[in-house]
Amino acid sequence: MIKAWNNDEFVLDPSRITIYIGATGIDGDHFKRGHLMDRYGVQINKTSRNTVLFMTTIGTTRSSVAYLIEVLVTIARDLEAQLIDMSPAERAAHERAVQRLTSPSAPLPDFSGFHSSFRDNQGQDTPDGDVRRAFYLSYHDSYCEYLTPEEAEQRVENGEQVVSTTYVTPYPPGYPVLVPGQVFSPQILAFMRSLDTPEVHGYRPDLGYRVYVDKALEIAATTRPESTPDSPPA
């Protein structure tokens, strides 16, 4: 292990233990809350749709490790017993849940790029964008509207540029797929459609995505950053 730690480009941290739970049919967040925390008082923070992560420290004792193993064995036995007692309909639902968690989601999309209204190229061809200006411009509700995923997909298919007003962050894992001023792409919409995470910050299921109207993009394109009226007061 020491040789690998010193010489390899990537190593597995032995204090970080990832357990794959896709075959249980239970997503990571529900496994964390409904099984580990509520039933046995085992607290963890990091989950994905089909994994849970246990992080050990110098304060981890042998007894706490033994308790964790006992808890995991108990959960496994309970799940096996539940599976045996399932009706055909319940088993079919369980198999669909397993299929959903063990099938790969759409590939993580590449960064699509900022809308030209939020790029300050200064004569250079650069993908850099002004996230701050895009973020504060959305404080004006009249500059924004909501689009359902279907409406956003239709506009992108029609060749229109749909621009996000905010961060859109699925949790878990908690990294943004869209940032203020970023243009929607077909790959981003396909990735979002494939997700089954319990919450997405910056997206409202009842309304959809918050995006800029054309008027806001025109204002952003003609207003210099240092004199933008939408900047917060100093």
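Two strands are said to pair if DSSP finds at least two bridges between them; helices (H or I, at least four residues) and strands (E, at least two) are DSSP runs, numbered from the N terminus. The model before you is predicted, so local features need pLDDT of at least 70 and side-chain atom pairs count only at pLDDT 80 or more, while totals for chains, interfaces and linings use all residues. Residues are numbered from 1 along each chain as its sequence is written, and side-chain values use heavy atoms, with hydrogens and water left out.

I begin with the sheet. It is open, with three strands in the order β1-β3-β2 and antiparallel pairing. The edges are formed by β1 (16–20) and β2 (46–47), each having a single partner strand, so one side of each is left without a neighbour in the sheet. Five bridges join β1 and β3 in the antiparallel sense, and I17 has F54 of β3 as its bridge partner.

Next, helix α3. Four of its residues, L68, V71, I75 and L79, are buried, that is, under 20% relative accessible area with a 1.4 Å probe, protein chains only. The buried residues of α3 pack against α2 (28–40) and β3 (51–55), where contact means heavy atoms within 4.5 Å.

Beyond its neighbours within four places in sequence, L189 is in contact with A152, E153, V156, F184 and Y209.

Conventions. Buried means under 20% relative accessible area, exposed over 50%, partly exposed in between (1.4 Å probe, protein chains only).
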